[in-house]
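Open the structure in your viewer and keep the selection tool ready. We will go from stop to stop, picking a few residues or elements each time.

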Amino acid sequence: MISGNVAARAAAVALLAAALLPVGAGWAAPEPPDPATDTAGQLVPGVYQPGPVDTPDQVLAPQVYQPSVAEDALEPSDAPQEAYALVEYVPLADAVGRVACSAHTGPYQREVETWLELAVDGEQSAADCEAIRAFQAEHGIKPAIGFAGPVTWAHMRFLAARDNPDAAGKCPVRTGRVACVDLDRQLTWVQQGEKVLFGPVPVRSGRAAYPTRTGTHTIYWRHKNHASPLYNMPMPYAQFFSGGQAFHAVYDTLHTTVGSMGSVNLRLGDARSLWDVLRTGDQVHVWGRRPG
């Protein structure tokens, strides 16, 4: 039996939740993709159904408005020096002991061995360590102690994708601009037809509890100096494509074992360049799954 007070409180919470949902000009779900023009081959035939509202960024999507000329003229603050340094995750014993070359097998040992064309056995050796250490030193990955960690492997994936990020053909080829987000490799780029207009660049996508939503979306609002009311964090060069999920810069490393709260995070310079490439109405295609 529910008491009158409990029932009244439940009704009030329901009314508040309804009031918080975006309506009218505040935010509208993007138009469903057109199966006739979508060449990604991942659409399920049938009537389009919006996804469930189950994360804070969907319930509290940003309030859309037209920024003033003065606001748009204001450029976001620069990132601190070394904000995007490539700092590898290494065993505690190696860090404390300040070892010159790690004897530990890393979580990406086999992948790194393959990239460096070493004998692939998935086990650390002295030769492996020296080769990995040399790669890390060349590319500014610290500490350069030869441990095959996530930052080293992520940088190798980025280097491999530079010449042809869509070699696997997972991003739709269209006449308009498409922002491609590969969650598997944690990379994004923009292509028009088969021509790459921007990137690829490394990103940080949503964590397990707040994954970046896959599928085809549309950029519906851009706000250069946005600040998240949900998390009280700056979101420079924000370009929203699904509720509160957006491309935007962050002022710290992208290479964390924990992802974002759903948005696609970029380094400040990359976010600024992407801002100059994309426009409201451009499509965003997201696929894969964040590693880890």
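Select Arg213 and Asp57. Are they buried or exposed? Both Arg213 and Asp57 are buried. Keep in mind that this is a predicted model. Now show the two side chains. Arg213 and Asp57 meet in a salt bridge, at 2.5 Å from N to O. This pair ties together distant parts of the chain. Arg213 sits in the loop between β5 (195–202) and β6 (215–218). Asp57 belongs to helix α2, residues 56–59.

Next, select Asp252 and Arg204. They form a salt bridge too, and their closest N and O atoms are 3.5 Å apart. Here again, distant parts of the chain are linked: 48 residues separate the two. Look for Asp252 in the loop between β9 (245–249) and β10 (264–266). Arg204 is in the loop between β5 and β6. Check how well each is covered. Arg204 has a relative accessible area of 9%, so it is buried. Asp252 has 38%, so it counts as partly exposed.

Move on to Asp270 and Arg267. Their side chains meet in a salt bridge of 2.8 Å, N to O. Which of the two is buried, and which is partly exposed? Asp270 is buried, because its relative accessibility is 13%. Arg267 is partly exposed, because its value is 27%. How many salt bridges does a search of the whole structure find? It finds seven.

Select β7, β8, β9 and β10. These four strands form an open sheet in that order, with mixed pairing. The edges are β7 (221–228) and β10, each pairing on one side only. On average, neighbouring strands are turned by 30° against each other, direction ignored.

Zoom in on β9 and β10. They pair in the parallel sense over three bridges. Pick His248; its bridge partner in β10 is Asn265. In general, strands of a sheet pair through backbone hydrogen bonds, either parallel or antiparallel.

Finally, zoom out to the whole chain. Of the 292 residues, 41% are buried. The chain exposes about 15,500 Å², and carbon and sulfur atoms supply 58% of that area. Take the contacts between residues at least 6 apart in sequence: 62% of them join residues at least 24 apart.

Notes
Residues are numbered from 1 along each chain as its sequence is written. This is a predicted model: local features need pLDDT of at least 70, side-chain atom pairs count only at pLDDT 80 or more; totals for chains, interfaces and linings use all residues. Side-chain values use heavy atoms; hydrogens and water are left out. Buried means under 20% relative accessible area, exposed over 50%, partly exposed in between (1.4 Å probe, protein chains only). Contact means heavy atoms within 4.5 Å. Accessible areas come from the Shrake-Rupley method with a 1.4 Å probe; for residues, only the protein chains shown count as cover. A salt bridge is a side-chain nitrogen of Lys or Arg within 4 Å of a carboxyl oxygen of Asp or Glu. Two strands pair if DSSP finds at least two bridges between them. Axes are lines fitted to C-alpha atoms, for helices over the stretch in contact, and angles run from 0 to 180 degrees between N-to-C directions.
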